[in-house]
Amino acid sequence: FGGAEHLIAQAQANPGCGFIGSDAFINGVAKALVSIDENKLDNVRLHFGDASALIDWLPAGALARIDLLYPDPWPKRRHWKRRFIQDEKLKRLARILKPGGELRFATDIADYAVYALARVLRSPDFTWTAERADDWRNALPDFSGTRYEAKAKREGRTPAYFIFRRV
C-alpha cells in the first residue's frame, strides 16, 4: 500500500467496510499505523510482509475488491517473472474474490500495463470492464490518488487504470 493514502481514504469514506493492507516495507507500515491512529480507524487491518502469504491465508470469496496500485514494475525483462500480475497469481486472486468482485490495477509503466492486460485477458476468471478508452485513461472511481501517482505525473508518465471483474 505504499504510503497508505488510498487505503486510509477508502477506510474513512467507507466506515462500515473492512480493509486489509499488505506491504513488505516497514516505512509504509509505520506510516499507515500513524494514519490509522490519527484518524481513529477501526476498520483497517495490516499485513506486514509479502502479499502472497496473505492471499494463501484468506478463505475463498473473502474479498469484494482488490486494489493493486502501482506495484513494482520490475522493468528489466529478465525480472518480469517477479511482477505481481502473473497467470498463477491471477488464479489465486480469483479464489479469494467473490464472484462479481473487482480487481483494480493502476500503473504508470506502459509495458507493465500491456503485460498485465495480456495476462488478465487470457484468464478465464476475469473480464475487463472497459467499454471505451477513457475507462482505462481516467482514474478509478473513488480513487484518492497516491504519492506514486503524483510522482509519475510530475515525471511525465501517464497512469493507466484497469478494472477487471471476477467471473
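In this predicted model, R104 is buried (under 20% relative accessible area, with exposed meaning over 50% and partly exposed in between; 1.4 Å probe, protein chains only), its relative accessible area being 7%. E102 likewise counts as buried, at 15% relative accessibility. R104 and E102 form a salt bridge, with the closest N and O atoms 2.9 Å apart; the term denotes a side-chain nitrogen of Lys or Arg within 4 Å of a carboxyl oxygen of Asp or Glu. The side chain of R104 also meets that of D142 in a salt bridge (3.2 Å, N to O). Because R104 lies in strand β4 and D142 in the loop between α6 and α7, this pair ties together parts that are 38 residues apart in sequence. Salt bridges with shared partners join R65, D67, E102, R104, D142 and R165 into one network.

R65 belongs to strand β3, whereas D142 is in the loop between α6 (134-137) and α7 (147-154), so the pair ties together parts 77 residues apart in sequence. R65 is partly exposed, with a relative accessible area of 26%, and D142 is partly exposed at 45%. The whole structure contains 15 salt bridges.

Residues are numbered from 1 along each chain as its sequence is written. Local features need pLDDT of at least 70 and side-chain atom pairs count only at pLDDT 80 or more, while totals for chains, interfaces and linings use all residues; side-chain values use heavy atoms, with hydrogens and water left out.

Helices (H or I, at least four residues) and strands (E, at least two) are DSSP runs, numbered from the N terminus. An open sheet of 4 strands has the order β3-β4-β6-β5 and mixed pairing, where two strands pair if DSSP finds at least two bridges between them. Its edge strands, β3 (63-69) and β5 (126-128), each pair on one side only. Strands β4 (residues 97-107) and β6 (residues 160-166) pair in the antiparallel sense over 6 bridges, and F105 has F162 in β6 as its bridge partner.

In helix α2 (residues 26-38), the buried residues are G28, V29, A32, S35 and I36. The face turned away from the buried side of α2 carries the exposed residues I26, N27, D37 and E38. Just after α2, K40 takes a positive phi of about 50°.

Key. Expected span 1.5 Å × (residues − 1).
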